[in-house]
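Here's a quick briefing to read with the structure open on your screen. We'll look at a couple of individual residues and then at the pockets.

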Amino acid sequence: MTWSISGTTFRDRYGRHAFLHGINFVDKNPENRPEGVQPWADDDLAQAANWGLNAVRLGVMWAHAMPEPGQPNTAYLDWLADQVEACHRHGLHVVLDAHQDLYAQAHSDGAPAWATLTEHKFDPTGLWSDAYLESPAVHEALDAFWANAEVDGRGLQDHFSEFWLAVLERVGSHPAVVALDLFNEPVPGSPLPGYFELLIGAFAHLTGQDPMQVAADWEDPEKKFAQLQRLDDADLHRALGDAVAPALAEFDTGPVADFYERVGGAIRAAGHQHIILRENTYLSNMGVPCLAPLPEGIGPVAFSPHAYDLVVDTPAVVMASDRRVRTILQRHAELQQRWNRPALLGEWGALSTYDGVASHSQAIQDFVDEHLWSQTYWCWEPAFAGTEAQRSLVRPRIRAVVGTVDTLTLPRPMWVVSWHTTEQDLDAAGDHPWHEFWVPADAAVEYRIDDETQPMPEPDAQLGRVLRLPAAVGRGRVVVRR
């Protein structure tokens with residue numbers, strides 16, 4: 001039995017209210033690695049588990065899984081199976097992520113050459129993501145994908161479904177695999193510059209500026225940063241998103257909704273029942289609210305937004321604004337509540353090896369905890385261990401509760417989680433009638449049921465810092481002090 005969904009909660013195979021707290025491991029360009037050299041070691045996955053994480057969002061590349069139409073690359077799929085098994089060995093659940101940036105492997109990573117339909121030459125931009133706005137090659141290739149243009153008599157999205165089915169045939173039955181992220185950051189092709197122009201115009205109108213001057217400022221890093229500071233005003237940030245949302249909804253409720261119905265439907269028709277993660281589109285990462293309806297007819301679906309301040313992927317990330325990101329996260333929370341589904345924040349951070357980023361990381365994680373979300377940090381890299389961003393990931397975590405978590409509060413220096421457990425919850429848990437938490441080594445823990453202090457179990461060396469607390473009917477509470 002795979003994980004399931006009940007309202008806004010994930011449920012593990014024992015019916016417990018379960019959470020994923022993890023990190024992205026994505027090998028974007030295997031073709032650039034010397035033969036026999038791995039992108040990460042088994043010890044790197046073990047180290048992630050030692051940081052208290054219990055999940056990996058594992059990137060899967062269409063270009064490498066299906067280098068020719070209808071011809072799966074067994075060597076790549078075997079490598080993928082090895083990674084899933086390694087995650088399982090270290091107690092890490094797996095979210096499979098069909099990753100892409102700029103759509104194609106020829107542009108950055110994603111689609112194979114045969115599925116990249118463009119007559120234009122790709123020219124990289126200074127900031128890689130600017131190619132979404134500027135590259136005719138990216139625009140044309142994305143337009144073809146969203147239109148389901150044909151290759152060898154079949155639509156591109158039908159080929160994409162075949163890629164997913166090949167992946168799932170190889171690893172879909174593995175107990176570590178709990179969810180499928182069908183397409184990383186759906187992004188329009190040729191319409192995107194128009195959406196961005198609308199965003200700039202709305203920003204200029206709302207702030208009483210000349211649109212041409214705002215557009216010019218956007219090309220200058222210092223002036224762009226000064227303009228972004230205006231969005232620390234949450235009311236302005238929300239008004240800007242609201243001005244652009246109706247136009248973006250045409251893409252979200254049209255081509256993107258059709259994609260999820262087509263690809264998700266193919267996955268369900270093949271008998272796979274994993275949770276499907278529905279992402280917001282690219283501009284919603286920046287605070288434009290997603291107006292898409294909940295996908296219907298494709299089984300269990302959860303919401304998986306991303307959230308980055310607009311200084312991401314630049315050295316200015318050390319000045320990322322907690323206020324701006326909180327507005328972005330709040331817009332995501334509004335959609336999650338409208339859908340009444342769980343949320344997994346699939347990407348956030350991108351703080352790399354910079355110093356001065358811990359407080360921003362903690363602010364995002366505080367929001368995630370208080371809203372009872374799951375999350376996977378972007379991203380692991382070879383020099384990540386020991387960085388400020390990595391150390392900020394080490395904090396108390398709920399893994400699973402028999403019953404339903406009611407609140408998680410953060411009255412520093414405490415971390416307090418409360419839940420309720422019924423007889424039915426205990427029965428459903430079967431031979432796993434315990435709650436699971438991960439706590440840092442320097443933490444003191446108090447466990448109460450109906451306000452009565454419970455004895456703490458003896459530490460189990462095999463579990464490390466994972467606490468297994470026996471469940472009982474009633475209202476439970478754990479307080480962690482650091």
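Which helix does Val 171 lie in? That would be helix H6, which covers residues 156–171. Keep in mind that this is a predicted model.

**Val 171**
- With a relative accessibility of 3%, Val 171 falls under the 20% cut-off and therefore counts as buried.
- Setting aside neighbours within four places in sequence, Val 171 touches Leu 80, Ala 81, Val 84, Leu 96 and Val 177.
- Thr 409 sits 238 residues away from Val 171 along the chain, and the C-alpha atoms of the two are 37 Å apart.

**His 159**
- Buried or exposed? His 159 is buried, because its relative accessible area is 3% and the cut-off for buried is under 20%.
- The His 159 side chain reaches the backbone oxygen of Val 151 at 2.7 Å.
- Val 151 also turns up among the contacts of His 159 beyond four places in sequence, together with Trp 62, Pro 69, Trp 114 and Arg 154.

**The largest pocket**
- The volume of the largest pocket comes to about 1,200 Å³.
- Its lining is made up of 48 residues, and those nearest the centre are Leu 127, Trp 128, Ser 129, Val 312 and Asp 313.
- Strand S4 (21–25) gives two or more residues to that lining, as do helices H4 (131–134), H7 (192–207), H8 (211–218) and H9 (221–229).
- Helix H7 provides the largest share of this lining, with five residues.
- Sorted by type, the lining of the largest pocket has 29 nonpolar, 13 charged and six polar residues.

**The second largest pocket**
- Here the volume is about 760 Å³.
- In the second largest pocket, 30 residues form the lining, with Gly 91, Leu 92, His 93, Arg 399 and Glu 436 nearest the centre.
- At least two lining residues each come from helix H1 (42–50) and from strands S16 (397–401), S19 (434–438) and S22 (466–470).
- Which element gives the largest share of the lining of the second largest pocket? Helix H1 does, with three residues.
- By type, the lining of the second largest pocket splits into 14 nonpolar, nine polar and seven charged residues.

How values were computed:
Residues are numbered from 1 along each chain as its sequence is written. This is a predicted model: local features need pLDDT of at least 70, side-chain atom pairs count only at pLDDT 80 or more; totals for chains, interfaces and linings use all residues. Side-chain values use heavy atoms; hydrogens and water are left out. On a 1 Å grid over the protein atoms alone, a cavity is a set of points where a 1.4 Å probe fits but cannot get out, and a pocket is an open set with protein on both sides within 12 Å along at least five of seven lines; lining residues have an atom within 4 Å of a point. Grid points are joined across faces, edges and corners, and a volume is the space filled by probe spheres set on the points. Helices (H or I, at least four residues) and strands (E, at least two) are DSSP runs, numbered from the N terminus. Ala, Val, Leu, Ile, Met, Phe, Trp, Tyr, Cys and Pro count as nonpolar, Asp, Glu, Lys and Arg as charged, and the others, Gly among them, as polar. Buried means under 20% relative accessible area, exposed over 50%, partly exposed in between (1.4 Å probe, protein chains only). Contact means heavy atoms within 4.5 Å. A polar contact is a pair of N or O atoms within 3.5 Å; within protein, one must be able to donate a hydrogen and the other to accept it, and residues adjacent in sequence count only if both atoms are side-chain atoms.
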